[in-house]
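Here's a quick briefing to read with the structure open beside you. It goes through some helix packing first, then a few individual residues.

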Amino acid sequence: MTATLITNIGELTTNVARPGDALGTLHEAAVLLEGDRIAWAGAASDAPHADALGTVDAGGRAVMPGFVDSHTHVVFGGDRADEFEARMTGTPYAAGGIRRTVAATRAASDEELRRRLKGFTRELHAQGTTTFEVKTGYGLTVDDEARLARLAAEVTPEVTYLGAHVVPAEYSERRDEYVDLVCDEMLRACAPHARWVDVFCERGAFTPEESRRVLAAGMAHGLLPRVHGNQLGPGEGVRLAVAMGAASVDHCTYLSDDDVAALAGSSTVATLLPGVEFSTRQPYPDARRLLDAGVTVALASDCNPGSSFTSSMPLMIALAVREMGMTPAEAVWAATAGGAQALRRTDVGVVRPGARADLVMLDAPTRVHLAYRPGVPLVHTVWLGGTPL
Ligand SMILES: [Zn+2]
């Protein structure tokens, strides 16, 4: 088993909370990696010595857990640059953008989708993301959804079945039949490849009652629930997520006081996706309000070709700090430990013995630079399961 000691770390973010420091920050620190796990973390002066140990001198740089991006849609065909350009030019564009990607995805071969998934995986890793979730939802037939779930499972264990992304055009006059399909045949084809079931509970997508049916059907097949909700306006998504015990409800842009109170009294994480508001020129969610109420907040990219075609977690941190009232420490926590909680994972997003050796070394003395130097590529080295990429 290979062992590596990363030493001379100027600032180590462990996310092992201490009173007054949720990020469990250590200075003049070291981390020992053994195989794919973290074996030890602490003061550099206390670091274990061993002859067979490879040593990496961090040179005073900051080291932190790899980012955990709990919400992406990176298995799809085509792109929608023209639609983005039209939106940014102020030209109204035809609705139904998701359906364009559905058509392009159905037309793409397995090889083409696999090639792109590998490309996105490289892109995520290069920016310090070491755990990411991938949703289906651009197939919307039994065979295409199963194909997307199977391909996604080749790059991540965090696969989400999102047959209930939108009602496809061919079912627009018989949506009940589509919901039946999502809850039955399509679910049975996808469940073997997935860990999660998700639904877009929003006006124009799926009603609260349809959403409840989809989640309940998924749970009956052993999938864990998560919800897209309260993105475009107030709605039932948050309360449904809490009632169903969902790990996370994502977007949370339009919340009532009751929604905030329900989240605060639950184990459901509020996952905020500021890349969407950035890319669509919409108002950002109010992270400060959620944090002050005691809600657990995560940040994720929502990387998708329509509303947020970025996979950059450092950008999410910068937006959360600049636009959403989060402190740099809160944003870094939300992009690492928060994402882990949104995926119900205790082995990532944290630096402690037994956790996965998924780490990022920044070319900066502190994690604050992630917000302080927006747009600058600060990722120096990424360790994935103990191996430097
Ligand atoms: Zn999404």
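Helix H12 passes H13 in a right-handed crossing. Bear in mind that this is a predicted model. The axes of H12 (residues 313-323) and H13 (residues 328-342) come within 9 Å and cross at roughly 145°.

**H12 and H13**

- On the H12 side, the contact is made by Met313, Met316, Ile317, Ala320 and Val321, and H13 brings Pro328, Ala331, Val332, Ala334 and Ala335.
- Sort that H12–H13 contact by class and you get 10 nonpolar residues, with no polar and no charged ones.
- H12 is mostly covered, with nine of its 11 residues buried.
- The buried residues of H12 are Met313, Pro314, Leu315, Met316, Ile317, Ala318, Leu319, Ala320 and Val321.
- Just after H12 comes Gly325, which takes a positive phi of about 80°.

**H5 and H7**

- Two packed helices are described by the angle between their axes and the distance between the axes.
- For H5 (residues 175-183) and H7 (residues 208-220), the axes come within 9 Å and cross at roughly 20°.
- H5 and H7 are therefore roughly parallel to each other, given that angles under 35 degrees count that way.
- The crossing of H5 past H7 is right-handed.
- Val179, Val182 and Cys183 of H5 make the contact with Glu210, Arg213, Val214 and Ala217 of H7.
- By class, the contact of H5 with H7 has five nonpolar residues, no polar ones and two charged ones.

**H2 and its buried face**

- Which residues of H2 (residues 97-107) are buried? They are Ile98, Thr101, Val102 and Thr105.
- Seen down the axis of H2, these buried residues fall within an arc of 110°, so they line one face of the helix.
- Here's the background: an α-helix has 3.6 residues a turn, so residues three or four places apart point the same way.
- The partner for the buried residues of H2 is helix H4 (142-152), which they pack against.

- Val16 sits in the loop between strand S1 (3-12) and strand S2 (26-34).
- Val16 counts as partly exposed, because it has 17 C-beta neighbours inside 10 Å.
- Val16 and Val350 are 334 residues apart in sequence, yet their C-alpha atoms are 6.7 Å apart in space.
- Leaving out residues up to four places away in sequence, Val16 touches Gly24, Val350 and Arg352.
- His125 is part of helix H3 (residues 110-126) and counts as partly exposed, with 18 C-beta neighbours inside 10 Å.
- How many residues apart in sequence are His125 and Val382? The answer is 257, with 7.3 Å between the two C-alpha atoms.
- With residues up to four places away in sequence not counted, His125 touches Val382, Leu384 and Leu389.

- Asn8 is partly exposed, with 17 other C-beta atoms within 10 Å.
- Is Cys252 buried or exposed? Cys252 is buried, because it has 29 other C-beta atoms within 10 Å, and the cut-off for buried is 20 or more.

Definitions and conventions. Residues numbered from 1 in each chain as written. Predicted model: local features only at pLDDT ≥ 70, side-chain atom pairs only at ≥ 80, totals over all residues. Buried ≥ 20, exposed ≤ 12 C-beta atoms within 10 Å, placed from the backbone. Helix = DSSP H or I, 4+ residues; strand = E, 2+ residues; numbered from the N terminus. Arc of directions from axis to C-beta. Contact = placed C-beta atoms within 7 Å. Axes fitted to C-alpha atoms, helices over the stretch in contact; angles between N-to-C directions. Parallel < 35°, antiparallel > 145°, perpendicular 65-115°, else oblique. Left-handed = near helix turned anticlockwise from the far one by under 90°. Nonpolar A, V, L, I, M, F, W, Y, C, P; charged D, E, K, R; others polar.
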